[in-house]
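Trainee: I would like to learn how to read the features of a model like this one. Please take them one at a time, with the general idea before the case.

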Amino acid sequence: MYRVLIVDDEPMILKGLTVFLRQSGVDIASIRPASNGEEALAAITEELPDFVFTDIRMPVMDGLALCARIAEMNAPIQTVVISGYGDFTYAQTCISYGVKEYLLKPISKRDLQDTLRKLVQRAESAKSASSYLSMAKVDEWMQEMEQAVYYLNQERAEELLQIWEHEMASYHLLDAQRIEMLEEFHALLAKKLKARDVNIMLQPLQMERGMPFPAAYRQFADGILQTLHYLQKRRKGKLKDPIEEVKKYIEHNLGSEISLEEAAELLGLHPNYFSVMFKQMTGETFVQYRTKRRMEHAKRMLGEERYRITDISYAVGYADHSNFTKTFKKYEGISPSEYRQKLGI
């Protein structure tokens with residue numbers, strides 16, 4: 001069964017497409033409407049569709065922007081662009097976003113059925129080609145999930161769970177086989193988390209014989225999210241926060257040119273992932289935080305007459321004195337020498 005999302009700010013188009021889809025003869029599980037790209041993205045987060053039909057011209061977020069965002073998700077979603085004749089050149093832009101089908105207004109029932117038939121054929125071909133499990137894809141998902149749980153990124157964990165549920169449903173396997181895979185994934189993830197040396201483990205899965213895959217997957221997902229919540233509570237207690245560890249590392253190495261890559265390596269993370277995580281948990285970029293701590297340390301040293309300004313510059317990681325002065329003035333509003341004068345030094 002296929003899930004469909006229709007995105008158009010014209011109620012009559014939404015209603016007409018819904019009727020045509022219901023009459024198409026294709027086994028459709030759900031048809032959801034959205035009036036613009038932002039609503040569509042929210043709907044995709046709640047339930048990953050198989051097919052998206054989207055207009056180009058819409059308020060808030062247009063169809064081109066929506067196609068670009070869907071392409072970034074790297075999810076198994078087929079997108080159909082709906083356009084007027086005057087918009088067709090814009091619709092061609094969507095080729096780079098993986099859009100392969102177009103419907104020109106006014107939409108006929110036959111045109112929609114032909115397009116839908118192509119989508120179904122492509123989806124079935126993809127399922128046939130995906131009758132085996134890519135271990136590279138499993139490993140990538142497992143690493144991302146491990147990091148999401150350990151670094152308390154619940155939004156990313158939920159996104160990964162949704163993507164993987166749809167991925168597993170696409171394989172030609174019996175429910176019992178899918179559940180067996182879940183148990184193996186669960187054991188592997190538990191092993192990876194335990195290796196983090198934080199004494200946390202997923203609770204063992206207790207799958208009932210004959211359990212349908214959706215129910216089994218919900219149990220699998222709940223166990224992962226419960227572990228994340230458990231870790232959140234523990235972090236408020238005695239366990240060390242990884243971001244706090246990075247902050248301490250910066251504090252002890254203010255005179256060195258600590259890079260984002262070095263800090264990410266300290267935590268065993270990809271630099272891009274670490275950068276996003278640091279910003280989410282501190283409200284500042286890594287460079288902004290590092291600069292702030294350097295300037296605060298420089299202010300303390302400027303309050304002691306025994307330090308020369310050039311020495312302070314080196315002490316907080318600036319070999320170029322003029323660069324230090326420029327950065328300090330940008331941060332404090334006055335130069336280091338003017339700051340000293342304010343202190344009466």
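Trainee: Which residue in E2 is the bridge partner of Val4?

Mentor: Strands, E in DSSP, are runs of at least two residues, and helices, H or I, are runs of at least four, both numbered from the N terminus. Two strands pair if DSSP finds at least two bridges between them. Here Val4 is bridged to Ile31 in E2. Strand E1 (residues 2-7) and E2 run parallel and are joined by 6 bridges.

Trainee: What should I know about the model before going on?

Mentor: The model is predicted, so local features need pLDDT of at least 70 and side-chain atom pairs pLDDT 80 or more, while totals for chains, interfaces and linings use all residues. Residues are numbered from 1 along each chain as its sequence is written, and side-chain values use heavy atoms, without hydrogens and water.

Trainee: What is the strand order of the open sheet?

Mentor: The 5 strands are ordered E2-E1-E3-E4-E5, with parallel pairing. Strand E2 (28-34) and strand E5 (101-104) are the edges; each has a single partner strand, so one side of each lacks a neighbour in the sheet. On average, neighbouring strands are turned by 20° against each other, direction ignored.

Trainee: Which strands does helix H1 touch?

Mentor: Contact means heavy atoms within 4.5 Å. Angles, from 0 to 180 degrees, are taken between N-to-C directions of lines fitted to C-alpha atoms, for helices over the stretch in contact. Helix H1 (residues 11-22) packs on the sheet and touches E1, E2, strand E3 (51-55) and strand E4 (78-83), its direction making about 175° with that of E2. Helix H3 (residues 63-73) lies across E1, E3 and E4, at about 155° to E3.

Trainee: How many residues does the largest nonpolar core have?

Mentor: Buried means under 20% relative accessible area, exposed over 50%, and partly exposed in between, with a 1.4 Å probe and protein chains only. A nonpolar core is a set of buried Ala, Val, Leu, Ile, Met, Phe, Trp, Tyr and Cys residues joined through side-chain atoms within 4.5 Å. The largest has 27 residues, and Trp141 and Tyr217 are among those with the most contacts inside it. Helices H6 (135-150), H7 (154-169), H8 (175-194) and H9 (213-235) each supply at least two of its residues, and H9 gives the largest share, 8 residues. Apart from this core lies another of 20 residues, among them Tyr2, Leu14, Ile82 and Leu119.

Trainee: Is His186 buried or exposed?

Mentor: His186, in helix H8, is buried, at 5% relative accessible area. Its C-alpha atom is separated by 8.5 Å from that of Ile224, 38 residues apart along the chain.

Trainee: How many aromatic pairs does the structure hold?

Mentor: Rings of Phe, Tyr and Trp (its six-membered ring) pair if their centres lie within 6.5 Å; planes under 30 degrees apart are stacked, over 60 edge-to-face, and the rest tilted. There are 12 such pairs. Tyr217 and Phe220 form a tilted one, 5.5 Å centre to centre with 55° between the planes. These two are 3 residues apart in helix H9, and therefore about one helical turn. Phe278 and Tyr289 have ring centres 5.8 Å apart and planes at 65°, so this pair is edge-to-face. Phe278 is in helix H12 (residues 271-282) and Tyr289 in helix H13 (residues 286-302), so the pair ties together parts 11 residues apart in sequence.
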